[in-house]
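Please read it alongside the sequence and the 3D view.

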Amino acid sequence: MIHTRRRPARAALRCTLCGREILRGEEYWACNGHLSCGMCFPDLARRELAPCREVRGREARP
């Protein structure tokens, strides 16, 4: 029997917003359990920063 040293296959990284595979060498963002590809990053940022959103003229008043 011939044995070769192979690395175990790694599970593919996938964007949790669109499901696209994140390829080796490609940048991605990991935030609060979400993985985001470059195309989905603006959507992830909007979701994560939604509690900080304000509308001019409707600012919270003390």
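A residue counts as buried under 20% relative accessible area, as exposed over 50%, and as partly exposed in between. The model discussed here is predicted.

**Overall make-up**
- The protein contains 1 helix and 4 strands, arranged along the sequence as β-β-β-β-α.
- It has 62 residues, and 11% of them count as buried.
- The accessible surface is about 6,200 Å², with 52% of that area belonging to carbon and sulfur atoms.
- Among contacts with a separation of 6 or more, 9% are between residues 24 or more positions apart.

**S36**
- S36 sits in strand β4, which spans residues 34–37.
- The relative accessible area of S36 is 0%, so S36 is buried.
- Leaving aside residues up to four places away in sequence, S36 touches C15, L17, I22, Y28, W29, F41 and L44.
- A polar atom of the S36 side chain lies 3.1 Å from the backbone nitrogen of F41.

**The W29–F41 pair**
- The whole structure holds 1 aromatic pair.
- The ring centres of W29 and F41 are 4.4 Å apart and the ring planes are at 25 degrees; the pair is stacked because planes under 30 degrees apart count as such.
- W29 belongs to strand β3 (residues 28–31) and F41 to helix α1 (residues 41–49), so the pair links parts of the chain 12 residues apart.
- W29 has 29% relative accessibility and therefore counts as partly exposed.
- F41, at 30% relative accessibility, also counts as partly exposed, because this value lies between the 20% and 50% cut-offs.

Methods
Residues numbered from 1 in each chain as written. Predicted model: local features only at pLDDT ≥ 70, side-chain atom pairs only at ≥ 80, totals over all residues. Heavy atoms only, no water. Helix = DSSP H or I, 4+ residues; strand = E, 2+ residues; numbered from the N terminus. Buried < 20%, exposed > 50% of the residue type's maximum accessible area, 1.4 Å probe, protein only. Polar contact = N/O pair within 3.5 Å; in protein donor to acceptor, adjacent residues only side chain to side chain. Contact = heavy atoms within 4.5 Å. Areas by Shrake-Rupley, 256 points an atom, 1.4 Å probe, with all protein chains shown as cover. Phe/Tyr/Trp six-rings, centres within 6.5 Å; stacked < 30°, edge-to-face > 60°.
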